[in-house]
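Subject: Two-chain model, handover and notes

Hello,

Here is the structure for your files. My notes follow below it.

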Amino acid sequence: MMTNEEFVDLQKQGVLISNSVSAEKLSQLAHNFSPKKTEHDLVRLGPRFDGGYLVPMTCKISPPAFLRASRITPFLSRISCQNMASIRIKRIFP
Amino acid sequence: MSKYGINSHQADFSVGGPPHGFSPLSFTKKYIGAYDDDVYMTMESWVTRQWEYDLGRDLILQMDIEGAEYSSLLATPDRILKRFRIIVLEMHGLQDWAQSSFYEIASSLINKLSQSFIVVHNHPNNHGGMFNINGFEMPGTIEITLLRKDRCKVIEKTEVFPHHLDAPCGPQLPEVVLPDGFR
């Protein structure tokens, strides 16, 4: 838990302390990312590192067009969760 | 893509042109965003200007726009989203879901996508780190592949992680394990 002094310091930095989301609600949202298996095998497009992706091989029937939206510079100046008062957070970088 | 007979189009304001080895049919020096101006353009503006749009052909989208995916895709009308048969999306800042205000934005996007697409693959990006938020483990960045629901018949749960074709995004870093909550 943060002290009032730390809380005020964060406010001075423009960090808004808001309610944190429970693990249960995070789990519900993450569950939407659970992958499903379909009749289409996955193939890898691109390199075997960043920039390569797995896609279902559905293109044999009618070739679609491919649109690639990319961005290199960071877009969001994020408020780090590490600064949030009511959240226990730990980076587990290898 | 060209070897599959697929035309490519790229948009990116942060670079001067397509990367080496990628020769799209068109390159637009703008960011994809939630409005149109000299720097940004919406998905709708970009998609509808492609000549394939008028042919009624399906499209594939690969989007890696460093967190702008939330606002950009929420601003995209369903009729445009549904033109994509496949969406390959890198989602950033998952740790920010822990803020109640951002949770609403993230859940709105995920629920919107879930109306028309299913996730057929996911893979944590080992550049994004792993977080433990109130006991729930989550990657900071995740790659997901979405397939429009009308394009698949067999739907069952994936049991094997990682997929045998998966590879670390950053080869110099150890691969990260997909947390159970995302399986």
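Which residue is the bridge partner of A:Leu67 in strand 5 of chain B? The partner is B:Leu61. Before the rest, some conventions. Residues are numbered from 1 along each chain as its sequence is written, and chains are lettered from A and ligands numbered from 1 in the order in which they are written. This is a predicted model, in which local features need pLDDT of at least 70 and side-chain atom pairs count only at pLDDT 80 or more, while totals for chains, interfaces and linings use all residues.

Strand 4 of chain A

Helices (H or I, at least four residues) and strands (E, at least two) are DSSP runs, numbered from the N terminus. Two strands pair if DSSP finds at least two bridges between them. Strand 4 of chain A, residues 65-70, pairs in the parallel sense with strand 5 (residues 59-64) of chain B over six bridges. In that pairing A:Phe66 has B:Ile60 as its bridge partner. Strand 4 of chain A also pairs in the parallel sense with strand 1 (residues 8-11) of chain B, over four bridges, and there A:Ala69 stands opposite B:Ala11.

A residue is buried if 20 or more other C-beta atoms lie within 10 Å of its own, exposed if 12 or fewer, and partly exposed in between, with C-beta atoms placed from the backbone. Six of the six residues in strand 4 of chain A are buried. In a regular strand the side chains alternate between the two faces of the sheet. Here both faces are covered: A:Ala65, A:Leu67 and A:Ala69 are buried on one side, and A:Phe66, A:Arg68 and A:Ser70 on the other.

Contacts between the chains

Two residues are in contact if their C-beta atoms, placed from the backbone, lie within 7 Å. On that basis 85 residues of chain B are in contact with 58 residues of chain A. Helix 5 (residues 100-116) of chain B gives the largest share of chain B's side, seven residues.

Backbone points in chain B

The peptide bond from B:Phe161 to B:Pro162 is cis, with omega near -10 degrees. B:Pro162 lies in the segment after strand 11 (156-157) of chain B.

B:Glu66 is in the loop between strand 5 and helix 3 (69-74) of chain B, and B:Asn134 is in the loop between strand 8 (130-133) and strand 9 (136-139) of chain B. B:Glu66 counts as partly exposed because it has 18 other C-beta atoms within 10 Å.

Regards
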